[in-house]
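The entries follow the order in which I looked things up.

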Amino acid sequence: MMFKKLLRTIRRYKAQFISMIIMVLLGVGVFVGFQGEWYSIDKDTDYFYDLTGFADCRIVSETGYSEEDLGKIKALYGVEKAALYISVNTNESRENDVVSVTVTNDPEVSGFMVTEGAEYDPEAKESFWMSDMYAAANEYKIGDKLSLKYGAYTIEGTIKGLIKSSEYLICTPGENQMMPDYKTYGYVYITPEMLKETLGDEFYTEIHVITDIDKETFSEAANKALEKTNMILGKDEIPSYSEAKGEATEGKTMASILPVVFLGIAILIMVTTMQRLTINEKTQIGTLKALGFRDSRITRHYAMFGLLIGVTGAVLGIGFGYFVAWFIFNPGGSMGTYFDLPSWKIHMPWWTFLIVAAVVAFMALISYLSVKKILKGNAAEALKPYTPKAMKRLKIEDTKGWRKLRFATKWNLRDLFRHKARSFMTLFGVFGCTVLLIASFLMMDSMVGFVNKFYYGSMNYETEILLDDSVKGEKALEIANAYSGDTLANSMVSLGGEAVALSVYDVTHDNIRFLDEDMNYAVLGDEGVYLGMRLVESNGLKVGDTFKVAVFGTDTTYEFKLAGVLRTLSKGVVMSAAYAEKAGVSTRVNAIYTDTSYDEVKSDERFKNEISSIKNRGDIIKSFDSFMEVMYLMIGALIAFSIILGIVVLYNLGVMSYFERYRELSTLKVVGFRDRRIGKLLIAQNMWLTVAGYILGVPAGIVITNVLTKALASEYEMKVILGWSTIVVPVILVFGVSLLVSLLIAKKNKKINMVEALKVPE
Amino acid sequence: MDTIRFEKVSKVYQVGDHEQKALDGVDLAIEGGKFVVILGPSGAGKSTLLNLLGGLDSPTSGKISIEGQDISKLSNDELADYRAKTVGFVFQSYNLIPTLTVFENVSLVKEITDNPLPTKDMLKDVGLLDHLDKFPSELSGGEQQRVSIARALAKNPKILLCDEPTGALDSETGAMVLKTLLAMARNYNKTIIIVTHNQNIAKMADEIIRVKSGRIREIIRQEKPLSVEEVDW
């Protein structure tokens, strides 16, 4: 019987029930979805790293390593596996794409998995195992011939298999390119035998190591074993690892702030709705008590409401959460163009379910406590209908201006204070919606602003020309002059144990610009070096300090003075050529940035042998667009959910407020107020709360974005930028949602049954 | 001239699967300036009669005219204007706005009428000038009903409709409220129609209309109605 009553009560309050279920669904869904996104990246990439033996440490030297060196490393304590490794960029003959040729002498270290075709055969010659993504983008099939050019060498063979390698999990040719473009860049693996046959000898520039030892301890042991200082990179310094894990960390940071705000709003609104619903049921609760039902039975019955809503919302929410996670993290979406992963399973941290279970339990508890409160007294008291608190004089009523206020203003003001909880929750709903929207748009504006400034301002060139390793000083300058280009001499140094790029720029044509902390373009002076914000932070430096960097493979160290702080994409030490000369830094130019078009440079025969590759800025920007798509997707989802949550919350509270004031509204109608006039009253109150919620929500949204930006500081050296979209769109959305909901509720005025108003309350 | 005229007025409510006839072909004429009491048992249709007259509800069939104007054909907004300007209501449960003070509850009508009576005069007439800034919850039942009367009359309506105006009050307070109501109505020359179970109130009326099962059973015109003091409460 009680179950029948439960079902009928649900039917009676179906609008509230549905809105509460939607709130739990959205709150739980967004929370679960965002947790699932970062956790799946973490788990699926880990699986791939393990499967293909992603190296924990890499010892790098341009002079190369021998089998003997490898033996020394393998003998070190804690080294599980090690392999000689080389990867060089070659030019593919058909499309003139850049294809990395990779060789490992142990396929279990920095190897690959075959997705189609023949398994790896270490004895095979004239055989390629090609990236399946590159093959698909360029219509290569198993059995096709492939010819690659590397300086004077030509590497030829047949494609034996299509593969994926975690070394190329994020398959980009350089640090300036954020997203892979499989049409123009890919990789192949060949066997050591084939390498030997091509070069006439085996030559490896790296030793890749799988070990549990931390990088510092390993570096010390490796340098000792090899009897020289080597450049040793931890996996955190490899983009295919650091960027993937960075994406997971970024997702985790986002997931720990915005969806939690989301869930918090849903729970708080739920609590209010649940309490109000119980109050509406007061006389029924009293009747059950008067009939002789025990308190425990009644509380159990009403706790079932909360439990039922909680369980239904949570189950649907978990399902929705999996969909959200999949929507962001799936091979067909933008994430699929970023990561080349073999497995796209959605994983969920176990504690997510624990939190969802706690939310459900909390909701049941709220129902329980609400009923318990009503049942406190005797049956007669419980039977009395609920009466809101008697109106008390407000302090502002003593002010001079009060008497001048119109009736509607007074009425609404007093109503707000009379129903404080409901008013607060409406305010909180608008506040939460504003916070989420402001934070979402501000994040988007900041990222777009930063990346735009970087790609369209800092990269003030048309074409990037990468020079062959063999090109020396004079020749490099000749090429730079020929194309009116600015030069970059890049090498790797160790700063505080971390391998970072040492970039010497000679900027004479304004083709390269630098962003200072205030996002203005800075000119490199010749009084010191410039560091990215992350390096300044991690090394505890400030402008004017001096610090040392060590050159890998030598005993050379340089002492630099920090002249300024920059916002950069990659971590590095930046200086002008003039300062480099002053500080005695020896450099070799390896890139030229010019306004000459890609086609012009490509068709120019003069420096054909000196230029290893040419990159069009447009292609780099294309990859930036793909990167932005991933972000738009996440932020777009958050914006959509915020709007839905806003509508549900405001509608739910609006309906609640409407029914609580039903008698008053009916009276106004009976007295002779027109529907539109009464509607205006309701809309006005909602608008006030919207204005207040918005005013409070804007700074809170900015604070949250700042917290988020700081939390993401290890990923981006971004500055919070207030763009037009943040100023214009959230205000339109918040007020639009509020007005829409107010109009929907005001429309109910037409259905007010005035005859009811004449009746004495039961 | 008849102020109020009902011609073959019926009102049918749909209750679940069956129809319930609240009024069944009522013909009625009430002269302006009179004090009319509608008597009848519960469910007789007297409140429906009042609701239709007050423009709170529309008849299923028939015609209701007030000073020649057919109100059964009015639009929603026209009905609202009719309620604002032509009729004043006094409810059994007072129906004051809890968030407005006594003064504000009465002056509220200025928002909707063109020719309201002064709020303070109304409150003086009902003896509540000392309670202007009090909220309804700070008043007794009788005081609340007097505010309700002041509000109804402040609109300066032609007709005052009262649904069990003393139903929630003890007899002494009820008598006092009635005295106020009648004194004010006569003072301002209003037609008063009271719906009640209370036979005593009927003794004071110019006209008594007895309703039963949705029909007018009897109309009694009293030549010498009693005053409030003459009625044995």
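Before starting I wrote down the convention I needed: angles under 35 degrees count as roughly parallel, over 145 as roughly antiparallel, 65 to 115 as roughly perpendicular and the rest as oblique. I also noted that this is a predicted model.

Which way does α7(A) run relative to α21(A)? I took helix α7 (residues 239-280) of chain A and saw that its axis comes within 9 Å of that of α21(A), the two crossing at roughly 160 degrees; α7(A) is therefore roughly antiparallel to α21(A). The crossing of α7(A) with α21(A) is again a right-handed one. On the α7(A) side I listed T253(A), M254(A), I257(A), L258(A) and V261(A), and on the α21(A) side I704(A), V707(A), L708(A) and A711(A). Counted by class, the contact of α7(A) with α21(A) holds eight nonpolar residues, one polar and no charged.

I then returned to α14(A) and checked it against helix α22 (residues 724-746) of chain A, where the axes come within 9 Å and cross at roughly 155 degrees. This angle makes α14(A) roughly antiparallel to α22(A), and their crossing is right-handed. From α14(A) I noted V430(A), T434(A), L437(A), I438(A), F441(A), L442(A) and D445(A), which meet W724(A), S725(A), T726(A), V729(A), P730(A), L733(A) and V734(A) of α22(A). The class count for α14(A) with α22(A) came to 10 nonpolar, three polar and one charged.

Turning to the interface, I found that chain A contributes 34 residues to the contact and chain B 31 residues. Together the two chains bury about 2900 Å², of which 57% is on carbon and sulfur atoms.

Side chains of opposite charge can pair when their charged atoms come close. How many salt bridges lie across the interface of chain A and chain B? I counted eight there, while a search of the whole structure over all chains gives 40. I followed D77(B) in particular: its side chain meets that of R674(A) in a salt bridge, at 3.7 Å from N to O. D77(B) also forms a salt bridge with R676(A), where the closest N and O atoms are 3.7 Å apart. This second pair runs between chains, from D77(B) in helix α2 (residues 76-85) of chain B to R676(A) in helix α21 of chain A.

Technical notes: Residues numbered from 1 in each chain as written. Chains lettered and ligands numbered in written order. Predicted model: local features only at pLDDT ≥ 70, side-chain atom pairs only at ≥ 80, totals over all residues. Heavy atoms only, no water. Contact = heavy atoms within 4.5 Å. Buried area = accessible area lost by both parts, 1.4 Å probe. Salt bridge = Lys/Arg side-chain N within 4 Å of Asp/Glu carboxyl O. Axes fitted to C-alpha atoms, helices over the stretch in contact; angles between N-to-C directions. Helix = DSSP H or I, 4+ residues; strand = E, 2+ residues; numbered from the N terminus. Left-handed = near helix turned anticlockwise from the far one by under 90°. Nonpolar A, V, L, I, M, F, W, Y, C, P; charged D, E, K, R; others polar.
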